Amino acid sequence: MSSVVRSGRISVPALRARKGGTPIVALTAYTAPMAGHLDPHVDVLLVGDSLGMVIYGFETTLPVTLEMMIAHAAAVVRGSSRACVIVDLPWGTYRESPEQAYRNAARLLAETGAGAVKLEGGQEMAETIAFLTARGIPVCGHVGLMPQDTLMEGGYRATGRTEDSAARVLADAMAVAEAGAFMIVLEGTLEPVAAGMTRSIAVPIIGIGASPHCDGQVLVTDDMLGLYGSFQPRFVKRYAELALTVAEAAACYAEDVRTRRFPAMEHCYTLSR
C-alpha cells in the first residue's frame, strides 16, 4: 500500500479551475527517473497505458494489465512531488460495470498515491463516471480517437471529419463533463471541431492531435524526445532526437571496450584509492 500523496502537488480542483486560463502542460511518465526530470516543468504527469507500446513493445495498449499500471504509477508518484499524477485504467478493467470500475480505480489510487484515474469513452461511460465521482474517485475523461477501441474501429482514425462524427464527439464530451469528469483528453479530432468543443465544454479540454485552442496539451514523452520508433505522428513535435544520442553513446562505448580504452585505470579500484 502506498503512503499518502505528499503535500504541495497540483490538485484536481486546481486543474479544474484552469479552464480558459493558462494552458495546462501534461506529459506521460512511466518511471521514477523520468518523472523526476519532468516534474518541475509540467502540471500533469500522465501514466498512460501507452506504456504497453513504449515500454513493453506491444503493438497496441490492449495487453496492459492493472498490475502494470499500478507498478509504473507508484514509481512515478515516488519520483515526483509537484505534478498531479493521473493514471489510465487499462482495457478490460472498467467497462463491465460501474462496480468493476470502482473496485479497480480504488485499488489503483490506494496502491499508488496517484491523484486521479483516466478512462476512455463518451456517452456510454457517463453512468460509470458518475458512479465513480460520487464515491470520491476523481476522473479524467478521454474522447475522440480512443486507442482502446482499435479492435472495433480497425485502427487509429481521426474523428470529427463528418457532421455526424463531430456531433458524436461533442455529445460524448458533454456527457462525460456532466457526469462529473474534472478534465477531458481529446485525441485525434479535427481542429475546428476541437476548438469549438473547447469553447462549449465547461471543464478543461486537453488536446493531443486536436487544437492549439484547447485548455492544455499532452504528448507521449518518448515521442516528444525522439526516443520511440521512427514513425512520427502528425500531431507530434520532436523537441530532441535522443535516439541518435543513445545510439552514438552506445557505439562509442562498444568501440572503447573492444579496443580496451575502457575501463582506464581511473575507473578501477587500486590499493592507493
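A salt bridge here means a side-chain nitrogen of Lys or Arg within 4 Å of a carboxyl oxygen of Asp or Glu. Keep in mind that this is a predicted model.

**Charged pairs**

Search the whole structure and you get 9 salt bridges. Take Arg18 and Asp43 to begin with: their closest N and O atoms sit 3.0 Å apart. This pair links distant parts of the chain, with Arg18 in the loop between helix 1 (12–16) and strand 1 (24–28), and Asp43 in the loop between helix 2 (32–38) and strand 2 (44–47), 25 residues apart.

Asp43 has another partner: its side chain also meets that of Arg82 in a salt bridge, at 3.7 Å from N to O. Arg82 belongs to the loop between helix 4 and strand 3, so this pair ties the loop between helix 2 and strand 2 to a part 39 residues apart in sequence. Put together, Arg18, Asp43 and Arg82 are linked in a network of salt bridges.

Is Asp43 buried or exposed? With 8% relative accessibility, Asp43 counts as buried. Arg82, at 30%, counts as partly exposed.

Next comes a pair between strands. The side chains of Asp88 and Lys118 form a salt bridge, 2.9 Å from N to O. Asp88 lies in strand 3 and Lys118 in strand 4, so the pair ties together parts that are 30 residues apart in sequence. Both Asp88 and Lys118 are buried.

| Pair | N to O distance |
|---|---|
| Arg18 and Asp43 | 3.0 Å |
| Asp43 and Arg82 | 3.7 Å |
| Asp88 and Lys118 | 2.9 Å |

**Helix 5 and its buried side**

Now for helix 5, residues 98–112. Which residues of helix 5 are buried? They are Pro98, Gln100, Ala101, Asn104, Ala105, Leu108, Leu109 and Thr112. These cover an arc of only 155° around the axis, which puts them on the same side of helix 5.

Leu66 gives a view from the helix 4 side. This residue lies in helix 4 and, at 6% relative accessibility, counts as buried. Leaving aside neighbours within four places in sequence, Leu66 is in contact with Leu89, Pro90, Thr93, Asn104, Arg107 and Leu108. Of that list, Asn104 and Leu108 are also among the buried residues of helix 5. Leu66 and Leu89 are 23 residues apart in sequence, yet 7.1 Å apart in space, C-alpha to C-alpha.

**Around helix 9**

Helix 9 (residues 191–200) has its own buried set: Val193, Ala194, Ala195, Gly196, Met197 and Thr198. What covers them includes strand 5 (139–144), helix 8 (163–179), strand 6 (183–187) and strand 7 (205–208).

Beyond its neighbours within four places in sequence, Met197 is in contact with Val143, Val169, Leu170, Ala173 and Leu186. From Met197 to Cys214 is 17 residues in sequence and 8.5 Å in space, C-alpha to C-alpha.

On the surface, Leu227, Leu242 and Val246 form a nonpolar patch with about 210 Å² of accessible area together. Leu242 lies in helix 11 (residues 242–258) and, at 30% relative accessibility, counts as partly exposed.

The segment after helix 11 is worth a look in the viewer. Most residues other than glycine have a negative phi, and most peptide bonds are trans. Arg260, found in this segment, has a positive phi, near 60°. Arg260 is exposed, with a relative accessible area of 75%. Pro263 is found in the segment after helix 11 too, and a cis peptide bond joins Phe262 and Pro263, with omega at about 0°.

Definitions and conventions: Residues numbered from 1 in each chain as written. Predicted model: local features only at pLDDT ≥ 70, side-chain atom pairs only at ≥ 80, totals over all residues. Heavy atoms only, no water. Buried < 20%, exposed > 50% of the residue type's maximum accessible area, 1.4 Å probe, protein only. Helix = DSSP H or I, 4+ residues; strand = E, 2+ residues; numbered from the N terminus. Arc of directions from axis to C-beta. Patch = residues over 30% accessible without salt bridge, like charges linked within 9 Å, V, L, I, M, F, W, Y side chains within 5 Å. Areas by Shrake-Rupley, 256 points an atom, 1.4 Å probe, with all protein chains shown as cover. Contact = heavy atoms within 4.5 Å.
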